[in-house]
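Please look over the sequence and the model shown below, and keep both at hand while reading this report.

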Amino acid sequence: MTGDTVGARAWRSMRSVLAESWDRLRDLTTASPSRFAVGVFLTLILLFTALFMLPAAAADGQSTAFADALFTAVSTICVTGLSTVDMGTHWSPFGHVLVYIGVNVGALGVLTLASILGLVISKRLGLRAKLIAAGDTNPLRAHGGPVNEGQTVRLGEVGQLLATVALSTLVIEAGLAILLYPSLLLSDVDPVSALWEAPYYAAMSFTNTGFAPNTGGLEPFAQNYLVLTLLMAGVFLGSIGFPVIFTLWRHHFHVRRWSLHAKLTVITTVVLFFAGAGVFLLLEYQNPKTFGGMDAWDTTFQAFFLSAMTRSGGFSVVDMSELHGSSLVVGSMLMFVGGGSASTAGGIKVTTLAVLALAVWSEAKGRPSVEAFGRRIPSDVQRVALSVVAWGATIVALSTITITQITQQPVEYVLFDVISGFATVGLSTGVTQQLPDSAVYVMALTMFMGRVGTVTLAAAVAATSRSQHYSLPVERPIVG
């Protein structure tokens with residue numbers, strides 16, 4: 001047997017193994033896109049953990065501890081913004097580039113990212129993958145079968161939606177960077193440094209992450225209202241969600257042609273923005289450690305800025321640990337709600353809150369169905385909303401109890417940081433940087449579950465849904 005023959009046989013064998021592995025991966029993307037999506041996120045987290053542990057990623061040239069590297073990777077890929085190290089001083093320029101790339105990858109969303117990779121692998125977007133991609137805009141698509149009402153994006157528009165995700169991310173971040181550059185110069189930032197900080201801050205605002213590349217975070221820009229306003233604009237655009245951006249791009253300001261999802265998202269977002277600012281203004285205007293030492297204009301502006309950032313932005317001008325306990329509770333509530341579905345924001349989502357509020361209102365009015373803007377919201381949407389809230393509250397409760405027991409820190413501070421992690425916000429009272437390794441892993445798991453989403457996680461575990469072709473006798477338990 002000649003060497004050429006042996007080499008040819010080995011090459012054919014290797015090609016067969018690679019082809020079989022590729023086919024299995026392609027089958028996975030079509031058979032269980034949700035599980036594949038979770039696998040993609042886990043793979044990215046492990047990859048970035050290894051990269052963050054490289055000596056070249058740290059400013060001091062030393063390898064970063066595994067717990068800190070893992071936490072930073074999770075916070076980056078999940079676009080959270082919490083950190084166990086000083087982001088401005090710990091990482092080298094290479095480390096900051098890793099953060100920049102990671103948040104943009106994570107911003108695509110776990111389901112959207114899986115759909116894009118599935119498209120690359122299978123060379124076409126299969127029906128199941130299209131259902132899951134549509135499920136990123138409506139969780140019922142992932143497991144509820146045909147849904148005729150309240151679709152945010154029709155199945156045939158999924159390809160357009162994916163293109164909108166990529167294009168809107170590029171255009172919005174580029175536009176923000178261009179506007180931020182001269183704004184940073186007004187705060188005496190070096191022109192060369194501003195060339196890097198402008199796109200960095202643009203990415204951190206649109207992805208709702210909240211990392212800062214400089215020492216002191218936003219402290220140098222506390223009085224630069226142009227920078228703060230641009231950051232709020234980026235956070236708002238990132239938090240309303242890609243389906244809403246898609247709707248606005250198609251129909252502009254023709255509100256009557258907006259989908260029900262877009263209407264509920266925009267209205268609830270605006271209401272929470274103004275309501276949150278009003279409550280913070282009322283609670284903190286006499287606090288000398290936060291707003292008490294400011295004039296009326298500064299106090300009002302900073303109240304609106306804090307309201308915007310607690311929705312998932314993660315940037316802060318005031319020290320969160322200096323807020324009154326009542327303000328921490330309000331901030332926790334706003335963070336738990338988060339932003340829009342299929343957005344760079346986290347939380348249970350504003351549409352979930354809107355659906356539950358409409359359900360309560362309909363029940364109080366004695367109406368047989370939940371209706372909004374001339375449309376009826378089906379009961380399965382309401383069940384998903386309840387499930388999301390229940391699972392989210394359970395995750396937050398278990399994580400808070402565990403971390404409080406480990407650290408013995410004040411529960412109100414731990415609760416604030418846990419909700420910030422679950423809702424991928426990034427604001428902190430200072431507890432996160434003091435966590436021991438065991439609590440770091442708990443917080444990292446909380447961030448991962450919050451970003452992946454309770455519905456997606458449940459669909460990934462279940463893998464398949466089973467239909468029931470019979471119904472049991474009805475009996476009503478006493479509730480309330």
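## A helix and its ends

The expected span of a helix is 1.5 Å times one less than its number of residues. With that in mind, consider helix H14 in this predicted model, which runs through residues 296-313 and has 18 residues. From its first C-alpha to its last, H14 reaches 24 Å, which is close to the 26 Å expected at 1.5 Å a residue. Because 14 of the 18 residues of H14 are buried, this helix is largely enclosed by the rest of the structure.

Both ends of H14 can be described in some detail. Just after the helix comes Gly314, which takes a positive phi of about 90°.

## The loop before the helix

Between helix H13 (260-284) and H14 there is a loop, and Thr290 lies in it. Is Thr290 buried or exposed? Its relative accessibility is 6%, and since buried means under 20%, Thr290 counts as buried.

The side chain of Thr290 is joined to the side chain of Glu284 by a polar contact of 2.6 Å. If its neighbours within four places in sequence are left aside, Thr290 is in contact with Glu284, Val318, Glu322 and Leu323.

## Aromatic pairs

How many aromatic pairs does the structure hold? There are 14 aromatic pairs, and one of them is formed by Tyr100 and Trp196, whose rings are tilted, at 5.9 Å centre to centre with 55° between the planes. Tyr100 lies in helix H5 (residues 93-107) and Trp196 in helix H10 (residues 191-206), so this pair ties together parts that are 96 residues apart in sequence. Tyr100 counts as partly exposed at 24% relative accessibility, and Trp196 also counts as partly exposed, at 30%.

Another tilted pair is made by Trp297 and Phe301, at 6.0 Å centre to centre and with 40° between the planes. These two residues are four residues apart in helix H14, and therefore they are separated by about one helical turn. An α-helix has 3.6 residues a turn, so residues three or four places apart point the same way. Even so, Trp297 is exposed, with a relative accessible area of 52%, whereas Phe301 counts as buried at 9% relative accessibility. Elsewhere, ring pairs link Phe48, Phe52 and Trp91 into a cluster.

## Another helix

At 1.5 Å a residue, the 16 residues of H19 should span 22 Å, and its end C-alpha atoms are 23 Å apart, which agrees.

The buried residues in H19 include Ala439, Val440, Met443, Ala444, Met447 and Phe448, and among them are also Gly450 and Arg451. After H19 comes Gly453, whose phi is positive, near 95°.

## The whole chain

Taken as a whole, the chain has a secondary structure that comes to 20 helices and two strands. Buried residues make up 52% of the 480 residues in the chain. Of the contacts in the chain with a separation of 6 or more, 70% are accounted for by residues 24 or more positions apart.

The chain exposes about 22,600 Å², and carbon and sulfur atoms supply 64% of this area.

Methods:
Residues numbered from 1 in each chain as written. Predicted model: local features only at pLDDT ≥ 70, side-chain atom pairs only at ≥ 80, totals over all residues. Heavy atoms only, no water. Buried < 20%, exposed > 50% of the residue type's maximum accessible area, 1.4 Å probe, protein only. Polar contact = N/O pair within 3.5 Å; in protein donor to acceptor, adjacent residues only side chain to side chain. Contact = heavy atoms within 4.5 Å. Phe/Tyr/Trp six-rings, centres within 6.5 Å; stacked < 30°, edge-to-face > 60°. Areas by Shrake-Rupley, 256 points an atom, 1.4 Å probe, with all protein chains shown as cover.
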